[in-house]
Amino acid sequence: MRYLILGAALALAGCQSTTTVVGTIPGAEVGSTSGMVELINAERARHGLGPVRENSRLSKAALAHAADMVANDYFSHTGANGSRFTERASDAGYDCAGSENIAFGQDTVAIVMSAWIDSPGHHRNILMADAKDVGFGRVNDVWVQMFGRGC
């Protein structure tokens, strides 16, 4: 049943027009990431790079990782099961993930994007030259952003 509820939350998050309670994580909510791709593409354009497009498989992996971090009370690029972001993307059907940004504590898309842009490593991921796709997930104030090479 837990997987069914989490799966429903993942599917609903693709719409991103409402906030949805995530199954068995007390108090956890899938927050809006509306406008993130536009901010990413504006930053990429400022640096002469082409746009990325949202990819539902990367967003599925990103949202699952955010939910896992909330459910298991940790914050890491390594999943509770030892997985790396490339494995999580592959499990979601995307085999050429290139980078991952994570953050916690920010209330809005604009604030988390500003934090990532101000961080050299995260900014480098946003400006990954061969990025074609992006996925993102948010549960409460835990954010995950994944970039892919367009496979």
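Me: Why is Gly-98 called partly exposed?
Reply: In this predicted model, Gly-98 has a relative accessible area of 21%, and because buried means under 20% and exposed means over 50%, a residue at 21% is counted as partly exposed. Gly-98 lies in strand β4, and, leaving aside residues up to four places away in sequence, Gly-98 touches Phe-85, Met-128, Phe-147, Gly-148 and Arg-149.

Me: How far apart are Gly-98 and Thr-86 in sequence and in space?
Reply: Gly-98 and Thr-86 are 12 residues apart in sequence, while their C-alpha atoms are 7.5 Å apart in space.

Me: What makes Phe-75 and Phe-104 an aromatic pair, and why is the pair called edge-to-face?
Reply: The count comes to 1 aromatic pair, and in that pair, formed by Phe-75 and Phe-104, the rings are 4.7 Å apart centre to centre with 70 degrees between the planes. Since ring centres must lie within 6.5 Å and planes over 60 degrees apart count as edge-to-face, the values of 4.7 Å and 70 degrees therefore make this an edge-to-face pair. The pair links distant parts of the chain, with Phe-75 in the loop between α3 and α4 and Phe-104 in strand β4, 29 residues apart.

Me: Which of the words buried, partly exposed or exposed applies to Phe-75, and which to Phe-104?
Reply: Phe-75 has a relative accessible area of 37% and so is partly exposed, whereas Phe-104, at 51% relative accessibility, counts as exposed, because exposed means over 50%.

Me: How do you know that the buried residues of α2 line one face of the helix?
Reply: In helix α2, which covers residues 36–46, the buried residues are Met-36, Val-37, Ile-40, Asn-41, Glu-43 and Arg-44. Seen down the axis of α2, these buried residues fall within an arc of 160 degrees, so they line one face of the helix. On the other side of α2, Ala-45 and Arg-46 are exposed. The elements that cover the buried residues of α2 include β3, α5, α6, β5 and β6, and α2 is followed by Gly-48, whose phi is positive, near 75 degrees.

Me: How do you know that the span of α3 is close to what is expected?
Reply: Helix α3 has 16 residues and reaches 22 Å from its first C-alpha to its last, which is close to the 22 Å expected at 1.5 Å a residue. Among the residues of α3 that are buried are Leu-58, Ala-62, His-65 and Met-69.

Me: What makes Asn-55 a cap of α3?
Reply: A side-chain oxygen of Asn-55 lies 2.9 Å from the backbone nitrogen of Arg-57, and in this way Asn-55 caps the N-terminal end of α3. A polar contact requires N or O atoms within 3.5 Å, and the distance of 2.9 Å therefore falls inside that limit.

Definitions and conventions. Residues are numbered from 1 along each chain as its sequence is written. This is a predicted model: local features need pLDDT of at least 70, side-chain atom pairs count only at pLDDT 80 or more; totals for chains, interfaces and linings use all residues. Side-chain values use heavy atoms; hydrogens and water are left out. Rings of Phe, Tyr and Trp (its six-membered ring) pair if their centres lie within 6.5 Å; planes under 30 degrees apart count as stacked, over 60 as edge-to-face and the rest as tilted. Helices (H or I, at least four residues) and strands (E, at least two) are DSSP runs, numbered from the N terminus. Buried means under 20% relative accessible area, exposed over 50%, partly exposed in between (1.4 Å probe, protein chains only). The arc is that of the directions from the helix axis to the C-beta atoms. Contact means heavy atoms within 4.5 Å. The expected span of a helix is 1.5 Å times one less than its number of residues. A polar contact is a pair of N or O atoms within 3.5 Å; within protein, one must be able to donate a hydrogen and the other to accept it, and residues adjacent in sequence count only if both atoms are side-chain atoms.
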